[in-house]
Amino acid sequence: MKYLLLRTKDFQIEQTFDLKTNRKTKKDRYYKISWKNDCEYNLMIDISKNGINENDTYLNSKGGLKCSIKKIENNCATVDTYFDGDVLSSKICKLND
């Protein structure tokens with residue numbers, strides 16, 4: 001899977017693509033971003049745009065996804081995402097315009 005994030009200061013859209021076919025595999029996901037400081041932020045699912053489902057409601061009730069930028073190199077950042085006792089480390093890179 002390949003994820004494309006379209007982000008502003010306060011909002012993020014997540015698109016999911018199949019690596020082989022480059023076709024979308026899921027509906028777009030919409031998040032509200034709340035920055036705690038320059039390196040930490042929370043992602044809450046925007047239920048007004050995603051619609052309401054049980055998993056999204058649960059995620060938001062737990063405070064959303066807590067994200068921490070651990071390292072920045074060139075146009076890429078290593079981000080740890082925490083939820084419900086689990087952590088996922090990922091690399092997010094800015095595409096050249």
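A: This predicted model has one disulfide. Its partners are Cys 76 and Cys 93, with sulfur atoms 2.0 Å apart. That distance falls within the 2.5 Å cut-off for a disulfide. The link of Cys 76 and Cys 93 is right-handed, with 105° about the S-S bond.

Now place the two ends. Cys 76 lies in strand E6, which covers residues 76–83. Cys 93 belongs to strand E7, residues 86–93. The pair therefore ties together parts that are 17 residues apart in sequence. A disulfide is a covalent bond between the sulfur atoms of two cysteines.

The two ends can also be described by accessibility. Cys 76 has a relative accessibility of 17% and counts as buried, because buried means under 20%. Cys 93 has a relative accessible area of 41%, so this residue is partly exposed.

Two further cysteines need a word. Cys 39 is in no disulfide. The cysteine sulfur nearest to Cys 39 is that of Cys 67, 12 Å away. Cys 39 is partly exposed, at 37% relative accessible area. Cys 67 is likewise in no disulfide. For Cys 67, the nearest cysteine sulfur is that of Cys 39, at 12 Å. With a relative accessibility of 5%, Cys 67 counts as buried.

In short, Cys 76 and Cys 93 form a disulfide, while Cys 39 and Cys 67 are in none.

Conventions
Residues are numbered from 1 along each chain as its sequence is written. This is a predicted model: local features need pLDDT of at least 70, side-chain atom pairs count only at pLDDT 80 or more; totals for chains, interfaces and linings use all residues. Side-chain values use heavy atoms; hydrogens and water are left out. Helices (H or I, at least four residues) and strands (E, at least two) are DSSP runs, numbered from the N terminus. Buried means under 20% relative accessible area, exposed over 50%, partly exposed in between (1.4 Å probe, protein chains only).
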